[in-house]
Amino acid sequence: MPPSLRFLLLLLVAGSGGATAAAFELEEATIDSIHRAFAAGELTSRGLVELYLRRIASLNPALHAVIELDPDGALAAADRADAAARSSSSALPPLHGIPVLLKDNIAAAGPLNATVGSLAMVGSRPAGDAGVVERLRSAGAVLLGTASLSEWCNFRGPGIPAGWSPRGGQGKVRPLPCLISWFPGSSNSKLVSCSPWNQMLQCNAMAIDFGLPMQNPYVPSATPCSSSSGSAIAAATNMAAVTIGTETDGSIMCPSSFNSVVGIKPTVGLTSRAGVIIISPRMDTVG
Ligand SMILES: *[C@@H]1O[C@H](CO)[C@@H](O)[C@H](O)[C@H]1NC(C)=O
């Protein structure tokens, strides 16, 4: 895999192609299985975008993994990819015709707003592409829309209702005693000495502080973890072939593990943060 692809959050495993777009098996489709279906004439990029849009329409009301979609832009980009495949005899780019969701803190020129889940940012249409979006587009990717997250990537402040991103929706949270072990040595480690009941209450308060959003698609009463929660849920439920998240401290790895998908957190500095609303220039990475 070329280095330019290493920031992709998720490459799903295994998949198979059907005879037509309608029969194409979207569940667990990989970039490779999609490209094989394109090459075999069983699927077009437009057909694939339509499949993902239908899937998002059916699942997103329950899962709140997607904030905005750009169906017209995605279909136009897919048509350009399909036309390029018909007219070109040379090798196609590595993400040729592949639909991608971007976390809502990543700028893309066009109709998609980058709002970090916040109403304060509604209407914030970026003037240009983030560095990673430029790379995605030149690798042939089709931008489908934005993935939900914890508002301001968990950095709005303490006491935010659990799962609350005003633009992404309200979700559920379960007691999370395991949070204690995430922050050894921090001021929160005092919780270990509390009674189990007290501990659970305080851990719930911590979960609220950390803005854990939405529902886990496998266990709807459980947390998906955050803050790139929408990117992980969308990957787990096949709402896009590839999703992009960002991490300051656990925001790719935790939702990936809680949603049973592979997340790649590139070394800080290996992926561009230009055009990305981040928390810490010393810690944040796009993956
Ligand atoms: C971006 O925000 C504007 C202003 O709220 C809205 O009209 C537009 O539909 C949004 N774009 C998308 C793709 O949803």
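A polar contact is a pair of N or O atoms within 3.5 Å of each other. Keep that cut-off in mind as we look at the ligand in this predicted model. In the side chain of Asn113, an N or O atom sits 2.4 Å from an oxygen atom of the ligand, so the pair falls inside the cut-off and counts as a polar contact. The protein covers 53% of the 360 Å² of accessible area that the ligand has on its own.

With Pro111, look at the backbone instead, where an N or O atom lies 2.9 Å from a nitrogen atom of the ligand. The residues around the ligand also include Leu69, Leu112, Val122 and Gly123. Sorted by class, this shell has four nonpolar residues, two polar ones and one charged one.

Most residues other than glycine have a negative phi, and most peptide bonds are trans. Val116 has a positive phi, near 50°. You'll find Val116 in the loop between β2 and α4, and with a relative accessible area of 1%, Val116 is buried.

Cys153 also has a positive phi, about 50°, although it is not a glycine. Look for Cys153 in the loop between β3 and α5. Is Cys153 buried or exposed? Its relative accessible area is 8%, so Cys153 counts as buried.

Finally, trace the chain to Ser226 and Ser227: the peptide bond from Ser226 to Ser227 is cis, with omega near 10°. Ser227 belongs to the loop between α6 and α7.

Terms used: Residues numbered from 1 in each chain as written. Predicted model: local features only at pLDDT ≥ 70, side-chain atom pairs only at ≥ 80, totals over all residues. Heavy atoms only, no water. Near = heavy atom within 4 Å. Polar contact = N/O pair within 3.5 Å; in protein donor to acceptor, adjacent residues only side chain to side chain. Areas by Shrake-Rupley, 256 points an atom, 1.4 Å probe, with all protein chains shown as cover. Nonpolar A, V, L, I, M, F, W, Y, C, P; charged D, E, K, R; others polar. Helix = DSSP H or I, 4+ residues; strand = E, 2+ residues; numbered from the N terminus. Buried < 20%, exposed > 50% of the residue type's maximum accessible area, 1.4 Å probe, protein only.
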